[in-house]
Amino acid sequence: MTLDSASLTAASDSPLRLMPKVELHCHVEGSARAQTVAELAAHHQIEIGVDDPADLYHYESLAEFLAAFGTVCSVLQTPQDFHRLAYEAAEDGAYAGIKYREMFFSPGFHLERGIPFDVMWQGLVAGVAEGEADFGTRTRLILDVDKPKLLGPAMALLEIARGLDRDLLIGIGGDSTERGIDHRVFAPLMAEAHNIGLKTCFHVGEDGPAENIRHMVDAGIDRIDHGTRLLEDPELARQVIDEQIPLTSCPSSNAALGIVDSLADHPFAAQREAGALITLNSDDPTFFQFDLADEYERIAATFDFDHDTMVAINDAAITASWLDDSDKAVLRAEFSNPDLAR
Ligand code: HPA
Ligand code: ZN
């Protein structure tokens with residue numbers, strides 16, 4: 001296991017670590033082990049600006065985080081590198097208790113360095129398959145566009161997505177900063193993604209206002225990533241709750257990047273209390289040095305949630321997933337009787 005075990009607070013036998021879980025908001029590049037980054041940087045002779053790659057994983061804002069994210073991306077060069085990335089993410093996911101994960105990858109960060117799409121896709125596909133075979137963590141992928149590059153590059157990626165295996169690629173998302181971006185420009189991306197049978201989600205209401213959530217809801221978004229600022233617009237919140245548009249919340253990530261002042265100040269409990277279909281996620285586990293099991297423990301401790309509440313939060317992630325109904329039923333049966341699990 002990777003994530004330096006010393007930094008993982010949920011013990012290896014803690015009930016919340018052992019609970020079989022679903023995760024819907026986790027970035028594969030944000031799951032790169034420091035040791036792997038160091039080895040790949042040395043292998044490809046890439047300067048990453050620090051002697052100890054663990055030193056990359058310190059930041060106090062989304063902008064600083066994104067700079068580190070870019071540096072980590074820069075060491076990924078070959079299909080083998082992406083294979084290793086996805087494989088190790090599955091291994092670490094298994095240690096967090098994750099059985100099923102819908103996971104982002106961010107091609108914009110790699111294409112801008114001249115890495116062909118096929119290099120990342122072939123590597124990820126192989127790593128996902130081997131990770132599932134070896135660790136039992138089933139992963140499906142969501143292609144995240146880089147929002148600051150706006151609509152043109154996003155539509156070009158959607159063209160590539162059109163031809164990819166739908167058993168693996170299930171949706172289109174968007175990440176990076178919201179600052180200065182009018183999210184209405186992405187409405188055609190949402191429409192075309194739906195036309196070709198892909199689900200949609202976007203990081204909104206993280207470092208931008210609730211208005212960005214509104215614009216994506218108006219565009220027919222299937223799921224909202226973060227949505228931290230949703231309750232600031234009560235009318236929008238009512239609609240999101242009435243329509244049960246899921247939120248993939250990442251409270252510790254938000255606390256680490258100063259999106260909220262502290263975990264206790266995070267609206268997770270308030271959003272849940274208001275009736276939102278809200279799920280709990282780690283976002284970028286190695287970058288924040290905690291995994292989904294830690295996140296479950298932190299949220300249980302912060303909001304005084306009992307075990308049954310944490311089971312219900314995990315069940316919300318099954319509901320909010322893009323599995324079909326029969327696969328959801330299989331997962332629920334496995335989760336209520338872990339002896340059934342593969
Ligand atoms: N927000 C924006 N961009 C990101 C994130 C995030 O949580 N994680 C990786 N890229
Ligand atoms: Zn994210």
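Start by selecting H226, which sits in strand β6 (residues 223-226); helices (H or I, at least four residues) and strands (E, at least two) are DSSP runs, numbered from the N terminus. Check its backbone: phi is positive, about 75 degrees, although H226 is not a glycine. H226 counts as buried, at 0% relative accessibility, where buried means under 20% relative accessible area, exposed over 50% and partly exposed in between (1.4 Å probe, protein chains only).

Some housekeeping before you click on: this is a predicted model, so local features need pLDDT of at least 70 and side-chain atom pairs count only at pLDDT 80 or more, while totals for chains, interfaces and linings use all residues. Residues are numbered from 1 along each chain as its sequence is written, chains are lettered from A and ligands numbered from 1 in the order in which they are written, and side-chain values use heavy atoms, with hydrogens and water left out.

Next, pick S176, in the loop between β4 (169-175) and α8 (187-195). S176 also has a positive phi, of about 80 degrees, without being a glycine. Its relative accessibility is 10%, so S176 counts as buried.

Now bring up ligand 1. Which residues surround ligand 1? Show H27, L62, F65, L66, F69, D175, S176, H203, E206, H226, D283 and D284; a residue is listed if one of its heavy atoms lies within 4 Å. Helix α3 (residues 62-74) gives the most to this shell, with four residues.

- A nitrogen atom of ligand 1 is 2.8 Å from an N or O atom in the E206 side chain.
- A polar backbone atom of S176 lies 2.9 Å from a nitrogen atom of ligand 1.
- From H27, a polar side-chain atom lies 3.0 Å from a nitrogen atom of ligand 1.

On its own ligand 1 exposes 260 Å², and the protein buries 100% of that (areas come from the Shrake-Rupley method with a 1.4 Å probe; for residues, only the protein chains shown count as cover).

Then select ligand 2, the zinc ion. What coordinates the zinc ion? Look for H25 (NE2), H27 (NE2), H203 (NE2) and D283 (OD), at 2.1 to 2.2 Å. Donors are N, O and S atoms within 2.8 Å of the metal (3.2 Å for Na, K and Ca), and water is not among the atoms, so sites may look incomplete. Along the chain, the donors follow the spacing H-x1-H-x175-H-x79-D. Distant parts of the chain are linked here: H25 is in the loop between β1 (21-23) and α2 (34-44), while H203 is in strand β5 (residues 199-204), 178 residues apart. Buried or exposed, H25? H25 is buried, with a relative accessible area of 0%, and H203 is buried too, at 3% relative accessibility.

Move on to T279, in strand β8 (residues 278-280). T279 is buried, with a relative accessible area of 0%, and its side chain makes a polar contact of 3.1 Å with that of N281.

Last stop: L158, in helix α7 (residues 151-162). L158 counts as buried at 2% relative accessibility.

How values were computed. Polar contact = N/O pair within 3.5 Å; in protein donor to acceptor, adjacent residues only side chain to side chain.
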